[in-house]
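I wanted to look at the packing inside this protein.

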Amino acid sequence: MYLRRRFYLLLLAVALVTGLGYAYAPLFTVGRLLTLLLLIATLADVALLWHRRAITAERRLSTRFSNGDDNPVTISVESTYPFPVRIEVIDELPFQFQQRDFSSLFSASSPSRLLCSGGAAAHLAYSLRPTRRGVYSFGHVLAFASTHLGLVERRYRCASPCDVCVYPSFQKLHQYELMAISQNLQQPGIKRIRRIGHNTEFEHIRDYLRGDDYRTVNWRATARLSRPMVNVYQDERSQQVFCIVDKGRVMQQAFEGMTLLDYAINASLALSYVAMRKEDRAGLITFNDNLETFVAADRRPGHINKLMETLYAEQTNFEETDFSALSVGIGRHISKHSLLILFTNFMGLVSLQRQLPFLQQIARRHRLLVVFFDDVELQQFVDSPAATAEQRCQHEVAEKFVAEKQFVSATLRQYGILSLLTSPLELTVDVINRYLAVRAF
């Protein structure tokens, strides 16, 4: 049982009236009467609320949350009291949200306080935006019921605790797919024929015909069927697209609550989804001080779930990344010419120069696109006005760092390596647009 604010205000008023009774005797009798009335009203309020258990609540939410996106949660509250009651709902949120005031999730037009009539149900809806992958544990739903007297309230503990897994952003995959389709529209009567390199891929086996190249004879099928059989090949219609995610400490810089690593993981999942819808085969590589995860390129229906499960478990050990190990791992695992999209971050030209020989080595055999991040907060500082001499000096230093990022991008292009400098918020859209542009030519 919880005594509400109204009870304490009335109790204070009664105490004042009773205290004034020492100066004016009739008020002492009035104070005693008011005390009795307050006691009777409180007992009546307790009896109304505790004569039965009449409040139930249920939390409805998805078993998986999308990292960095708004995920809806609905709470349904039902009252079987024969009279209207006011109910305040508090959901025990996971500690990762650090939400101290549950009512702040609601606007003034839809507060967390409800008025339920007898036998009626009410609904609360709010959204949560996680910024880290992992398991989030919800507690109980607490419902505090009070009558129109408003002197006491009863707490109901409803809804069982549950766990929700936060996966890389998957809510907007279909939106990115539609964006990719809209970029594929062609003028009527014009058909673009796309050939990936000069490679061919197996199509089917058929009987040998006069004039067929003897090098295409399938000897196993010939021996099994006792007649000459040949393999038929066609021009390659798809390519391998590998998202390579740097998990080193340079990717732990935070922006709006999420690390650069999580932005890269979200973009990798979206890009893989679009690539598979474009009939390309999507794969995944993650590395830190060595090559840690390799998922072979594929485009079967269940492959996107495999990529999602793999990205869900990726974490960093805060080591410095080893691009030499990445180069060796790519040479060992990827023998076919592929499009490699590397998500990393270079703080300046010095950090690029240490890794440039290994990037050149990778680019000799594959088409490499290096995606790194612009410092948005630093750019905002440069764009702000400088009022004092000290601020002008700080602006000059900041402008140097911003210009160095642009110089890193120009240096990569100078060595024949594709580059994309983008902000974390625009990463997914920019990298998909760049992939579509690279794929078209």
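**Cavity and cores**

I looked up the largest cavity and noted a volume of about 30 Å³. The model is predicted, with local features needing pLDDT of at least 70 and side-chain atom pairs pLDDT 80 or more, while totals for chains, interfaces and linings use all residues. Residues are numbered from 1 along each chain as its sequence is written, and side-chain values use heavy atoms, without hydrogens and water.

A cavity here is a set of points, on a 1 Å grid over the protein atoms alone, where a 1.4 Å probe fits but cannot get out; lining residues have an atom within 4 Å of a point. The volume is the space filled by probe spheres set on the points, which are joined across faces, edges and corners.

I listed the lining: Arg4, Arg86, Ile87, Glu88, Arg113, Phe144, Ser146 and Glu153. Strand 5 (85–91) and strand 9 (141–146) each give two or more of these residues, and strand 5 has the largest share, three. Strands are DSSP runs of E, at least two residues, and helices of H or I, at least four, numbered from the N terminus. I sorted the lining by class and got five charged, two nonpolar and one polar residue.

Next I checked the largest nonpolar core, which has 45 residues. Such a core joins buried Ala, Val, Leu, Ile, Met, Phe, Trp, Tyr and Cys through side-chain atoms within 4.5 Å, buried meaning under 20% relative accessible area with a 1.4 Å probe, protein chains only. Ile341, Phe343 and Tyr435 are among the residues with the most contacts inside this core. Its largest share, 13 residues, comes from helix 5. I also found a second, separate core of 33 residues, including Ile75 and Phe138.

Note on methods. Buried means under 20% relative accessible area, exposed over 50%, partly exposed in between (1.4 Å probe, protein chains only). On a 1 Å grid over the protein atoms alone, a cavity is a set of points where a 1.4 Å probe fits but cannot get out, and a pocket is an open set with protein on both sides within 12 Å along at least five of seven lines; lining residues have an atom within 4 Å of a point. Ala, Val, Leu, Ile, Met, Phe, Trp, Tyr, Cys and Pro count as nonpolar, Asp, Glu, Lys and Arg as charged, and the others, Gly among them, as polar.
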